[in-house]
Amino acid sequence: MVTCLLVWRHTAADCPAHNEKSRKSMAEFMSKAAELDAKHGVKVVGSWVVHSEHLMVQVCEAPSFEAMQAFSMEPESMSLMNWSTMELKAAMTLEETWKMMQAQ
């Protein structure tokens, strides 16, 4: 199992709160999110939005980094990237990192 961080950013002009095209894209993604999660074995641990920065951070667990990449390549995920940027990062807990450092 891998823990991944998804960091989404968009401009004020592209904010789904004010932009109809972005809102429609977000609505399509949200309506399919549970189905896509199940398809790729993704579990959303939590999602946070910083409205003033037009930023969303999501923590997910997936069977592999490749599963998260496949999730991000789904048409509904890709449509979000027409108006936002997404960073996908594999992460380790502090405990996992410490064990890895001690094994060296």
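**A chat about strands, cysteines and helices**

Reader: Starting with strand 4, which residue there does His-10 stand opposite?

Author: His-10 stands opposite Ser-84 in strand 4. Strand here means a DSSP run of E of at least two residues, while a helix is a run of H or I of at least four residues, and both are numbered from the N terminus. This is a predicted model, in which local features need pLDDT of at least 70 and side-chain atom pairs count only at pLDDT 80 or more, whereas totals for chains, interfaces and linings use all residues. Residues are numbered from 1 along each chain as its sequence is written, and side-chain values use heavy atoms, with hydrogens and water left out.

Reader: How many bridges join strand 1 to strand 4, and in which sense do they run?

Author: Strand 1 and strand 4, the latter covering residues 84–91, run antiparallel and are joined by 8 bridges; two strands are taken to pair if DSSP finds at least two bridges between them.

Reader: And what about strand 1 with strand 3?

Author: Strand 1, residues 2–10, is also joined by 8 bridges to strand 3, residues 55–62, and these two run antiparallel. Within that pairing, Trp-8 has Met-56 as its bridge partner, and Val-7 stands opposite Val-57.

Reader: Where does strand 2 come in, and over how many bridges does it pair with strand 3?

Author: Strand 2, residues 43–50, pairs with strand 3 in the antiparallel sense over 7 bridges, and Val-50 has Leu-55 as its bridge partner there. Strand 2 and strand 3 form a hairpin with 4 residues between them.

Reader: Stepping back, what pattern does the chain follow along the sequence?

Author: Read along the sequence, the pattern is β-α-β-β-α-α-β-α, which comes to 4 helices and 4 strands. The C-alpha trace spans about 50 × 30 × 20 Å along its principal axes.

Reader: How many residues are in the chain, and what percentage of them is buried?

Author: The chain has 104 residues, and buried ones make up 35% of them. Buried means under 20% relative accessible area, exposed means over 50%, and partly exposed is in between, all with a 1.4 Å probe and protein chains only. Among contacts with a separation of 6 or more, 66% are accounted for by residues 24 or more positions apart, contact being heavy atoms within 4.5 Å.

Reader: Switching to cysteines, how many disulfides are there?

Author: The structure holds 0 disulfides, a disulfide being counted when a pair of cysteine sulfur atoms lies within 2.5 Å. Cys-4 is in no disulfide, and the nearest cysteine sulfur, that of Cys-60, is 7.2 Å away.

Reader: Which residues does Met-68 touch?

Author: Not counting residues up to four places away in sequence, Met-68 touches Cys-4, Leu-6, Val-42, Cys-60, Ala-62 and Leu-88. Met-68 is found in helix 2, residues 65–72, and is buried, with a relative accessible area of 1%. Its C-alpha atom is separated by 9.6 Å from that of Leu-6, 62 residues apart along the chain.

Reader: Now helix 1: is Lys-39 buried or exposed?

Author: Lys-39, which lies in helix 1, residues 20–40, counts as exposed because its relative accessibility is 57%. Lys-39 and Ala-67 are 28 residues apart in sequence and 9.3 Å apart in space, C-alpha to C-alpha.

Reader: Where is Gly-41, then?

Author: Gly-41 is in the loop between helix 1 and strand 2, and is partly exposed, with a relative accessible area of 35%. Leaving aside neighbours within four places in sequence, Gly-41 is in contact with Glu-61, Ala-62 and Pro-63.
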